[in-house]
Amino acid sequence: MSTSLSTLNAWVDEVANRTQPEDVVWCDGSDNEYKRFIQKMQEAGTLSALNSDTYPDCYLHLSDPSDVARVEHLTYVCTESEIEAGPNNNWMSPADGHAKIDALFDGAMRGRTMYVIPYCMGPIDSPYSRCGVEITDSAYVVANMKLMTRMGSAALQRIEREGTFVKGLHSTGDLDPDRRFIMHFPEELSIKSIGSGYGGNALLGKKCHALRIASYQAHTEGWLAEHMLIVGIESPEGETHYIACALPSACGKTNLAMLIPPESMSGWKIWTLGEDIAWLHLDDDGQLRAVNPESGYFGVVPGTNEDTNKNAFNMIKHDTIFTNVARTSDNEPWWENKKVGEPALDWQGRPYDPANGKAAHPNSRFTVAASNNPSYSELAEAPAGVPISAIVFGGRRKEVAPLVYQAKSWNHGVLVGAGVASETTSANIGEVGVVRRDPMAMKPFCGYNFADYWAHWLSFADRTETLPGIFHINWFRQDQDGKFLWPGFGENLRVLRWIIERCEGRIDAVETPIGFLPEADGINTDGLEASDDDMRALTTIDAAQWQVEMDAIGEYLESYGDRLPAALRAEQQRIATDLKAGSLEKAS
Ligand code: GTP
Ligand code: SPV
Ligand code: MN
């Protein structure tokens, strides 16, 4: 196979000339092709079959031990002007970026096969969807792209029709962290990634295209590419609201997107549209709509069990690729908090020894097609996407941030998003558990200057009268002994219900300077263990702590200098002043 599109042929030739592969294979995205790749990797020893009775068509890939997560310190946005990339990104000029990384690509595929993967992000017939072509020398990448994207012939046809596509070049290189870079050239719609075979570094349709390049395009074209899940919540009366929710990496998007209603809320149903990325557009009526550009999940494995998320637990029992989990003696996958089985071999293939640390890597992942999800919504295929009732931001905060609050206006909501802070997780190489600013959960993923991004968010208020409400959540408050105050998982539906009731104007709230908080009986706690004291801690704010927080947000925003939108500064100053004035609560 090749293509009628001369620009694509020319690029494939150019890459082959530079990287010198043994052969070039164009991928058609068929099920048979996937099976061939699985077979090939097993023969090469890069994939092994798991227990075929209990985990049919499930496989395990163990990565290089130095290649287990995203690498934000090696990720660059290469725009002509440095200020366009902003203080939120590492920057290199396009000329320097190409020179540096091209040198690493020289001859990088010698003795290897080069695969050409046409893919479509979003429903194949949606006007909102965007296509790309990834060139890679990794069979693991091809198999994962098959599960995660609409890949193959149909995508190629769309690319040939449209004539434009994002060029993504990837090689695992020699996996040396000193020769690893993830570079983005948004002005050229291209990506070059070398030296890692892992997830977001290597599956270029995901973070590199659908977030970094897409956010840059969305800025110029008037839409938003966000690190958000999309979930439909159907009430017992049969009414469904769709919510888009941004949480930083490994902070609960997948679990929230496929939540199982608690016993106390039987009759409610949850429909998953997306669990990592949302593309948001205003339609002709001024309604914000969301599509999920992906068609599969690359989700965190540890913590998944029958109690926390039975849907996820069952979803990954068949047709799943596991990366960096442990194995039991009967060759089932195993991870911390699975609650069944015992590890025999750890994620590096060594006999399990607690002295070596965890059995599964904390950032071990599953890859599955979205259609495996028992709560998968058919509307994930709808070309027009779904209407969004509420936008929710959140983070992982032991303290300060309450369980839930609502912004008072769109501009205030943008400040709430811009002020998100969260403890770092093992989704990135680096220290874990350190609170950092992660605006809109996009710190690692925004392809341009955050100041311009916030201005873009603010501009939506000028374009429509009917914007969704904006909220903030935190499932991770802890008591002094480190115990979570809130049960989380399925019980989070109680909070989503409050959010929906607020959107519908059906429930009162307590007005504070930081926004509207639930009244004492606002969140239904029937049957929960959470004590009255816990609930009070979760649903009230500490004025002194919030003064410090708001000052920290102000200081962070000011680090963006002159480009910081005045409206955002005004929101921050208004709240800081109100907090200092001391009038913490008034009923509303
Ligand atoms: P990325 O794929 O990295 O973008 O992450 P994600 O936001 O989809 O995170 P995910 O849902 O996979 O959750 C990551 C971790 O948070 C897992 O270990 C979960 O068990 C844990 N987690 C998710 N939801 C909750 C919750 O409501 N409460 C608590 N305590 N932990 C949760
Ligand atoms: C994240 O880190 O936010 C992920 C996993 O969703 S990865 O695809 O590796 O970026
Ligand atoms: Mn993510």
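Visitor: Which residues does His361 touch, leaving aside residues up to four places away in sequence?
Guide: This is a predicted model, and His361 is placed in the loop between β21 (333–334) and β22 (365–369). With residues up to four places away in sequence not counted, its contacts are Val68, Pro302, Asn324 and Trp347.

Visitor: Is His361 buried or exposed?
Guide: The term buried applies under 20% relative accessible area. The relative accessibility of His361 is 12%, and therefore His361 counts as buried.

Visitor: Which residues coordinate the manganese ion (ligand 3)?
Guide: The donors follow the spacing K-x19-H-x48-D along the chain. The coordinating atoms lie at 2.2 to 2.3 Å and are NZ, NE2 and OD, belonging respectively to Lys207, His227 and Asp276.

Visitor: What is the geometry at the site of the manganese ion (ligand 3)?
Guide: Ideal angles for six octahedral donors are 90 or 180 degrees. The site of the manganese ion (ligand 3) has six donor atoms, with angles of 74 to 175° among them, and is octahedral.

Visitor: Which polar side-chain atom lies 2.9 Å from an oxygen atom of ligand 2?
Guide: The residues surrounding ligand 2 include Arg70, Lys207, His227 and Asp276. An N or O atom in the side chain of Asp276 is 3.4 Å from an oxygen atom of ligand 2, and for a polar side-chain atom of His227 the distance is 3.3 Å. The atom at 2.9 Å belongs to the side chain of Arg70.

Visitor: How much of the area of ligand 2 does the protein bury?
Guide: Two helices, α7 (199–202) and α8, each supply at least two residues of the shell around ligand 2. The polar contacts of this ligand include one with Arg70, at 2.9 Å. Taken alone, ligand 2 exposes 280 Å², and the share of this that the protein buries is 98%.

Visitor: Which element supplies the largest share of the shell around ligand 1?
Guide: There are 22 residues around ligand 1, and those that come nearest are Ala250, Lys253, Thr254, Arg365 and Phe489. At least two residues of the shell come from each of α9 (253–257) and β18 (296–300). The largest share, three residues, is supplied by α9.

Visitor: What percentage of the accessible area of ligand 1 does the protein cover?
Guide: Oxygen atoms of ligand 1 lie 3.3 Å from a polar side-chain atom of His227 and 3.4 Å from a backbone N or O atom of Cys251. For a backbone N or O atom of Asn255, the distance to an oxygen atom of ligand 1 is 3.0 Å. Of the 660 Å² of accessible area that ligand 1 has on its own, the protein covers 91%.

Visitor: How does Asn411 count in terms of accessibility: buried, partly exposed or exposed?
Guide: Asn411 lies in helix α11 (residues 410–418). Beyond residues up to four places away in sequence, Asn411 touches Leu458, Ala461, Ala567, Leu568 and Glu571. Because its relative accessibility is 25%, Asn411 counts as partly exposed.

Terms used:
Residues numbered from 1 in each chain as written. Chains lettered and ligands numbered in written order. Predicted model: local features only at pLDDT ≥ 70, side-chain atom pairs only at ≥ 80, totals over all residues. Heavy atoms only, no water. Helix = DSSP H or I, 4+ residues; strand = E, 2+ residues; numbered from the N terminus. Buried < 20%, exposed > 50% of the residue type's maximum accessible area, 1.4 Å probe, protein only. Contact = heavy atoms within 4.5 Å. Donors = N, O, S within 2.8 Å, 3.2 Å for Na, K, Ca; no water. Tetrahedral: all angles 85-135°; square planar, octahedral: opposite > 155°, others 65-115°. Near = heavy atom within 4 Å. Polar contact = N/O pair within 3.5 Å; in protein donor to acceptor, adjacent residues only side chain to side chain. Areas by Shrake-Rupley, 256 points an atom, 1.4 Å probe, with all protein chains shown as cover.
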